[in-house]
Amino acid sequence: MKLLVTGATGKLGSKIVEALLKSVPASQLAVSVRNPERAEGLKAQGIEVRHGDFDHPETLETAFAGIDRLLIISADGDNDTRIRQHTNAVAAAQRAQVRFIAYTSAANAKESKLFLAEVHRVTEEAIIQTGIPYSFLRNNWYLENEIGSIQGAIAGAPWVTSAGGGKVGWALQQDYAEAAAAVLAGTGHENSIYELSGELLTQEEFAAVLGTVLGKEVPVLQVDDAKYAEIMIGAGIPDFVIPILVGIQQGIREGALEIESNDFEKLLGRSLTPITVGLTQIVNGIAGTD
């Protein structure tokens with residue numbers, strides 16, 4: 001049984017490989033990466049490193065050859081780029097006769113109105129069309145996505161948002177990684193969909209927990225989308241990123257991430273890391289880099 005993880009040198013991918021090594025011999029693991037030289041550390045652990053570039057389908061077919069269970073980690077970039085790359089990966093998996101595909105998707109991908117969801121909706125459909133057994137890991141929101149705002153709060157800035165009363169199911173990337181590893185290395189996950197969401201919190205509730213961790217109040221500044229964009233520009237966020245950030249805030253406000261589920265606990269076989277613990281880890285990590 002040979003397992004392969006794409007994007008294994010990325011933040012999520014490296015955590016997934018680390019989690020897999022706790023239950024699977026390194027000899028059964030392979031990774032597909034765009035720059036194999038960046039995966040020397042994995043190679044040193046006995047993991048097979050293969051060259052696979054989502055923009056060059058011919059490399060993917062070779063990378064996926066002989067693989068039984070494949071995890072496709074969603075790529076970065078604009079929607080059109082990601083859809084093209086994901087479609088390439090799925091087609092290559094079919095040509096390579098992979099027997100199972102797990103894919104890191106987004107919350108409620110099939111119905112979600114969040115603009116980021118289109119990529120995942122198209123990719124899920126492409127995987128279903130292959131007829132290959134699949135598992136969709138619909139990740140809600142990484143706590144690590146908030147590092148910039150957490151740094152601001154540490155420095156005394158308010159928690160700025162236009163998300164209103166919308167709720168988010170934040171969880172540590174480590175928990176998402178362990179859930180993905182459980183599916184890829186486990187059994188009985190064929191044709192499954194897992195909504196991986198932490199405890200649902202509003203921005204005010206999140207800021208209150210952060211305030212407890214920091215030992216000081218974190219005031220919340222609720223603004224409209226235009227003001228939010230203006231503040232982000234003032235904070236030095238690149239212009240092309242602004243519509244993405246505003247779109248995320250709008251999606252949260254409209255309930256796109258308000259997904260209640262205990263799928264995380266099912267896959268992990270334990271309770272999710274409490275948000276206070278997760279935020280403490282992130283704050284300590286920020287302090288360690290200062």
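Q: Which exposed residues does the face of helix 9 turned away from its buried side carry?
A: The model is predicted, with local features requiring pLDDT of at least 70 and side-chain atom pairs pLDDT 80 or more, while totals for chains, interfaces and linings use all residues. Residues are numbered from 1 along each chain, and side-chain values use heavy atoms, without hydrogens and water. Exposed means over 50% relative accessible area, buried under 20%, and partly exposed in between (1.4 Å probe, protein chains only). On the face of helix 9 turned away from its buried side, the exposed residues are Ala226 and Gly234.

Q: Why do the buried residues of helix 9 lie on the same side?
A: Helix 9 spans residues 225–234, and its buried residues are Tyr228, Ala229 and Met232. Helices (H or I, at least four residues) and strands (E, at least two) are DSSP runs numbered from the N terminus. The three lie on the same side because, judged by directions from the helix axis to the C-beta atoms, they cover an arc of only 100°.

Q: Which elements are included in what covers the buried residues of helix 9?
A: Contact means heavy atoms within 4.5 Å. The cover includes strand 8 (159–161) and helix 10 (242–253).
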